[in-house]
Every structure is written in structure tokens, then in C-alpha cells.
Amino acid sequence: MTVNGLFTSESVTEGHPDKVADQISDAILAAVLAEDPAGRVACETLVTRDLIVIAGEITASGSVDHERIARQTVRRIGYTDPALGFHDGCEVQVRLVAQSGDIARGVTRDPRERAGREP
């Protein structure tokens, strides 16, 4: 069967805003899980000119400094020059809330269930 159409795909390189955003989200996830291995993270990061936005839901017993993690990640990648329009000193907005009760009830399992026994 012949299909007529156009196939496109996107590939981004290191330093692209999508890659930077992913690295910030990954660093936040790692920090939360280091504090609380049972922590739950549904976190997205948006990166644009002079701005980082971290949003989503995080529930964990420990706490991490999300802004500090974002700045450290951007610095590690090498964005330290304000002339670039994006750097480790840019504005960081954190819009994180605790996981909704409905989602928590849907994913929380009784410890006996995790051990393979009926609750």
C-alpha cells in the first residue's frame, strides 16, 4: 500500500530549551526521591528567555529547594552569561502543589498489597 503524505520529526540538540527543561525536571525528581523514596512527582518545567517556570504536583515527606536546583542545573549546563538571554540568574517561578487527593487515592496501595498479601 502506498501512502502519500509528509513525514516530519524534530530533533533538538544539547542546550535547546526542551533539553534544559528536561534536565531541571529530572534534577528535581532526583532530589525529591533522595529525600523521600516514596515521593510522588508530576513536575514540568518551561524555559524561555530569562524565565524558568516549574509547575505541577509533588508530594513527599522531605523538602527540596526547587529554585536552587533549577539554578544549579542551568549553571552546570553552562548558561551563566546574561548576554545569552537565558542564564542561571534569570527569574524562576515555582508553581507546585501537593498531589490531589483523588490521584493519591488512585495510586496509593496498602503496604500489605505491596507485599503480595490481601489487605
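Reader: Which residue sits just after α2 with a positive phi?
Author: That's Gly-78, whose phi is about 115 degrees. A word on names: helices (H or I, at least four residues) and strands (E, at least two) are DSSP runs, numbered from the N terminus. This is a predicted model, where local features need pLDDT of at least 70 and side-chain atom pairs count only at pLDDT 80 or more, while totals for chains, interfaces and linings use all residues. Residues are numbered from 1 along each chain as its sequence is written, and side-chain values use heavy atoms, leaving out hydrogens and water.

Reader: Which residue other than glycine has a positive phi?
Author: Asp-50, with phi near 55 degrees. You'll find Asp-50 in the loop between β1 (40–48) and β2. The two strands form a hairpin with two residues between them.

Reader: Is Asp-50 buried, exposed or partly exposed?
Author: The scale goes by relative accessible area: buried is under 20%, exposed is over 50%, and partly exposed is in between (1.4 Å probe, protein chains only). Asp-50 comes out at 35%, so it counts as partly exposed. For the chain as a whole, buried residues make up 26% of the 119 residues.

Reader: Back to α2. How do I read the span of a helix, and what does α2 give?
Author: Take the expected span as 1.5 Å times one less than the number of residues. Helix α2 covers residues 66–77, twelve in number, and goes 17 Å from first C-alpha to last, close to the expected 16 Å.

Reader: What goes on at the start of α2?
Author: Look for a polar contact, meaning N or O atoms within 3.5 Å; within protein, one must be able to donate a hydrogen and the other to accept it, and residues adjacent in sequence count only if both atoms are side-chain atoms. Here a side-chain oxygen of Asp-65 comes to within 3.3 Å of the backbone nitrogen of Glu-67.

Reader: Which residues of α2 are buried, and what covers them?
Author: The buried ones are His-66, Ile-69, Ala-70, Arg-71, Thr-73 and Val-74. Their cover includes α1 (17–35), β2 (51–59) and β3 (91–97). Zoom in on Thr-73, which is found in α2 and has a relative accessible area of 4%, so it is buried. A contact means heavy atoms within 4.5 Å. On that basis, and not counting residues up to four places away in sequence, Thr-73 touches Gln-23, Ile-24 and Ala-27.

Reader: How many bridges does each pairing have?
Author: β1 and β2 are antiparallel, over nine bridges. Across that pairing, Val-41 stands opposite Ile-58, and Leu-46 is opposite Val-53. β2 and β3 run parallel, joined by seven bridges. There, Ile-52 has Val-92 as its bridge partner, and Leu-51 stands opposite Glu-91.

Reader: What does Gly-56 touch?
Author: Gly-56 lies in β2, and at 22% relative accessibility it counts as partly exposed. Leaving out residues up to four places away in sequence, it touches Ala-42, Arg-95, Leu-96 and Val-97. The C-alpha atoms of Gly-56 and Arg-95 are 6.7 Å apart in space, although the two residues are 39 apart in sequence.

Methods: Pairing = 2+ DSSP bridges.
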